[in-house]
Amino acid sequence: MKTSPARFLAISWTVVLLLGLSLAGPAPARAVEPPVVPARAPFTAVLQGRPIEIRADAFGLPLADHDLVRQYGKPAVRLERGDRARFSVSIEAEGDYTVAFDVVAPEEVLVTAPEGQLLVDGTLPVEDARRIVFPVYYRNSAGEFPLDHYGNETLIPPVRLARWAQVYLRDVNLSQKYPLAIHLSPGAHAFEFSLTRETVLLGSIYLRPFSPDPSYSHYLAQAPAPDSSGVLIEIEAEWPSYKNDVSIRPLNSRSLDVTPYDTYRLLLNTIGGESWQLSGSSLHYEVEVPQDGMYLITLRAQQSTRNNLVVFRRITVNGAVPFDELNSVPFCYATEWTNVTLPYRVYLQRGANILGLEATTSPYDAAIENIRQSILDINALSLEIRHLTGNQVDRYREWEITEYIPNIDERLADIAAKLDADKAALQAINGGLSSQEIMNYQIALDNILLLHDDPNKIPVRMNRLSEGPQSAAQLLGSVMAALQKQPLALDKIYLHSPDITPSEPHVSAWASFWEGLKRFLHSFERTPYQPVSASQGEIQVWVNRPRQYVALMQQMADLSFTPQTGIRVQYSLMPDESKLALAIAADIEPDVVLGLSTGIPYELALRDALYDLRSFEDFDSFIRIYSPGSLLGYIINDSVYAVPETQDFWVTFYRRDILDSLQLAVPHTWDEVIAMLPDLQRYGMNYYTPLSTGSGLKGYLITAPYIWNLGGELYSPDGLRTGLGSDESITAIKFMAEQFTVYGMPLTAVSFYDSFRNGNLPVGISNVEAYIKLRTAAPEIEGLWGIDLYPATLLPDGTQNRYATGSAQVCIILADTAKPRDSWEFLKWWMSTETQVAFERQLIMYYGPEYLWYTANVEAFRYLPIPEEHKDVILAQWEWLREPVKLPGTYMLERSLSNAWNQIVFDGINPRVAIDNAILITNREMARKMEDLDYVRDGVLVQEIRIPSIETVRQWVEGAGR
């Protein structure tokens with residue numbers, strides 16, 4: 001039975017609501033809870049032109065009836081993905097105009113920000129109007145930090161805050177100082193706004209003549225009130241009223257200079273740091289001030305992450321930047337906590353005011369854009385040179401590059417000139433100090449100048465241009481990524497009158513020594529989450545994951561699973577999964593283990609150390625959440641000893657820019673891969689398969705799919721011998737070898753990720769590891785790559801097979817558990833769609849979008865916030881997921897198959913000879929293991945061996961549904 005996405009979304013947030021409702025309590029001094037609508041309009045120093053307001057009732061759409069609309073007080077429309085709002089505007093004076101939207105994302109919009117597109121007279125007025133990103137706001141769900149089992153403060157689950165905001169059309173990276181301006185001529189213009197992602201309530205749209213923010217001196221001259229007097233308001237920065245980036249989180253600082261502080265407990269006493277570094281991410285604090293007047297702002301801050309690099313914040317008051325200088329307030333590198341008093345006074349009215357602090361890269365924006373363009377220019381030049389030389393690197397061969405690319409001198413000189421100007425600007429911003437970013441910039445510039453001096457040497461100096469970690473392209477990519485990150489940590493915020501100076505804490509040397517001594521003595525106590533014996537009535541769960549995962553799991557179980565079932569759970573960090581067998585031998589094993597590597601359960605199950613999960617009557621109905629082939633590696637006859645927790649995927653990665661330049665299509669079959677190889681190799685490029693990994697052993701994960709896709713099997717039908725001797729398996733092994741001996745694929749590639757970035761391997765097969773790296777650590781090729789299905793093997797009858805593996809981590813229950821039923825209830829709760837969706841969302845909300853949870857629950861995976869086109873490919877590939885079945889002696893088959901490939905490819909041994917040798921060794925070892933494990937006695941089979949298949953698992957699920 002299918003459950004609607006709306007129901008899953010509602011259920012998945014049950015844990016979040018429980019966390020919030022159960023932990024409410026009195027709060028320390030902090031920002032006030034925000035209203036739905038800003039309390040007051042901001043004071044502006046100059047009238048920025050008379051705005052043109054287009055109300056929602058002019059859009060020609062049904063008006064929305066919603067509580068948020070009634071709070072707004074004006075007409076609004078509800079837009080779903082694909083909806084369009086059209087209107088016309090008559091412009092009197094030609095000029096540049098800004099566009100602003102009154103908009104709110106309803107509470108059902110959880111993580112993914114809504115996006116829209118604006119057309120004027122049928123075209124994009126500016127390129128970034130193609131993607132207008134609207135903010136999604138979050139607030140704390142409780143007034144106190146919850147405590148873990150050890151008394152340490154843990155994060156409060158954030159909840160959505162549906163809040164109206166006036167959002168300007170800005171650049172997509174939110175890195176420019178001012179909103180984007182569109183040029184309009186006199187007369188009527190047709191506007192069309194379409195929503196391209198999620199849902200919003202849209203109110204009025206405004207057109208305003210563009211005007212830069214006034215200077216501070218101009219603002220001060222028009223200040224409507226004198227300085228305030230005698231006011232000092234202290235705000236604990238870790239308690240913002242709301243924020244627009246869920247990944248900005250409170251942190252613990254052990255410095256004696258921050259408050260609150262505790263010797264023995266970890267308190268979340270600061271906020272930000274590296275979790276608050278993306279341009280456009282902001283914190284907002286609502287503060288009550290007792291009198292009208294001018295105030296100073298002091299931030300107790302620390303920027304100790306970027307050595308000798310200045311970071312910036314954009315300061316807003318009641319939703320607007322009062323004057324130009326607050327668009328980019330600098331914070332210099334400092335290892336200590338410092339009170340930074342902004343050298344500007346701002347006007348605040350009596351009552352509620354909202355102070356906003358937004359990370360911004362606007363001072364670096366010109367450099368970032370020049371770097372991005374320089375990388376594109378370098379990559380384009382690199383492709384041209386490869387087209388010319390075929391990437392034949394011969395240091396003794398001379399090239400006349402300038403004859404074939406006559407303007408290469410000018411192109412390199414232009415790149416160098418831009419980089420030189422940018423480097424000077426960066427040094428000026430950072431006060432002439434040298435940083436790692438400046439040094440990388442200089443090395444990249446030196447590389448370009450060296451190539452400019454002798455362009456004919458570029459073919460043998462491609463490592464200076466675009467290939468390798470010290471090439472200009474990759475150095476500039478690392479600089480661009482660093483400039484786009486603006487980390488800053490805050491301890492306190494002070495709003496105070498100019499006649500008051502906030503005091504800085506002073507810690508004496510004796511106090512510091514005494515505190516260090518107490519912490520040293522405390523360090524001898526037991527570390528939290530170390531494995532200990534479970535209490536009476538408690539199940540013990542060992543987790544092979546980092547501490548932050550374990551803390552969140554414990555929190556979820558305490559506030560969801562235990563109240564629902566009455567079963568208490570104690571989580572512990574698994575020190576080393578290889579010591580699980582020792583724990584079993586010493587009779588100190590847990591009840592449940594999560595995050596165990598996929599190869600361990602079978603070996604433990606053979607020795608009767610694991611509980612048969614299929615002995616639970618509802619197991620067959622439970623496994624409907626999995627890809628059927630994902631369970632095959634944990635089945636022995638009709639018993640199942642583990643279930644997948646997370647899941648990998650093997651798909652085709654391709655560089656869109658390079659394939660387009662070569663006029664090549666993405667290959668969908670192995671025949672198409674073979675057909676494209678001559679074109680790739682002509683330009684010194686190639687296709688990557690996992691067989692090219694540097695390790696000597698080629699495991700089942702990469703060899704078995706070749707055999708399956710050609711119709712072969714790893715074992716004989718009775719399970720007593722290997723199946724490598726079949727015609728299909730022999731053909732598969734030959735094809736595996738011929739990819740390298742005949743078709744010239746690379747024998748070794750140290751890193752597909754690096755070679756993919758360089759462009760040496762612009763297309764190939766890889767897994768989730770490469771996917772995460774490319775999404776988070778390859779800024780120079782952002783938007784230039786994609787993924788597609790694993791290449792299909794085309795059989796003579798027209799069948800296309802795409803089988804690939806996907807095992808990652810699993811869950812098990814130990815055989816000696818005294819609480820098998822409770823452990824099974826826990827495992828079902830943990831792997832349920834509702835819990836997995838809640839966990840993946842809370843991971844992202846606590847730690848940021850890079851903490852993606854690739855759950856093996858296919859239903860829950862559909863809610864992972866990655867691009868829909870990528871998600872569709874992964875889900876389609878998982879329909880072909882198939883794990884290798886394991887039998888006694890299976891390790892020898894895996895090793896012999898790898899050895900056969902190595903002998904054919906590297907030693908030139910005849911394939912049939914290598915395969916026969918592999919069959920002989922494998923069969924001998926399988927027979928020995930069958931005897932050892934009492935499957936065979938004196939050459940007679942005494943225990944039946946049933947080899948499971950995908951169809952076997954499907955029949956179990958179908959039988960449970962009847």
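Q: Why is Arg721 called partly exposed?
A: Its relative accessible area is 40%. Buried means under 20%, exposed means over 50%, and partly exposed is what lies in between (1.4 Å probe, protein chains only), so Arg721 counts as partly exposed. Bear in mind that this is a predicted model, where local features need pLDDT of at least 70, side-chain atom pairs count only at pLDDT 80 or more, and totals for chains, interfaces and linings use all residues. Residues are numbered from 1 along each chain as its sequence is written, and side-chain values use heavy atoms, with hydrogens and water left out.

Q: What makes Asp718 and Arg721 a salt bridge?
A: Their closest N and O atoms are 3.2 Å apart. The rule asks for a side-chain nitrogen of Lys or Arg within 4 Å of a carboxyl oxygen of Asp or Glu, so this pair passes. Asp718 is partly exposed, at 28%.

Q: How do you know that Glu713 and Arg882 tie together parts that are apart in sequence?
A: First, they do form a salt bridge, with the closest N and O atoms 2.8 Å apart. Glu713 sits in the loop between α18 (700-709) and α19 (727-741), and Arg882 in the loop between α25 (868-878) and α26 (890-906), so the pair ties together parts that are 169 residues apart in sequence. Helices here are DSSP runs (H or I, at least four residues), as are strands (E, at least two), numbered from the N terminus.

Q: How many salt bridges turn up in the whole structure?
A: The search finds 43. One of them joins Glu603 and Arg607, with the closest N and O atoms 3.3 Å apart. Glu53, Lys74 and Asp102 are linked in a network of such bridges.

Q: Why is the pair of Tyr611 and Phe616 called stacked?
A: Rings of Phe, Tyr and Trp (its six-membered ring) pair if their centres lie within 6.5 Å; planes under 30 degrees apart count as stacked, over 60 as edge-to-face and the rest as tilted. By this rule there are 48 aromatic pairs. For Tyr611 and Phe616 the centres are 5.3 Å apart and the planes are at 20 degrees, so the pair is stacked. Phe616 is buried at 4%, whereas Tyr611, at 24%, is partly exposed.

Q: What makes Phe649 and Tyr771 edge-to-face?
A: Their ring centres are 5.8 Å apart and their planes stand at 75 degrees, so edge-to-face it is. Phe649 lies in the loop between β29 (643-644) and β30 (651-655) and Tyr771 in helix α21 (residues 768-777), so the pair ties together parts that are 122 residues apart in sequence. Both residues are buried. They also belong to a cluster linked by ring pairs, whose members include Phe653, Tyr688 and Trp878.

Q: What makes Arg208 count as lying over the face of Tyr206?
A: Arg208 is at 5.0 Å from the ring centre. The rule wants NZ of Lys or CZ of Arg within 6 Å of the ring centre and within 35 degrees of the ring normal, and Arg208 is listed as over the face.
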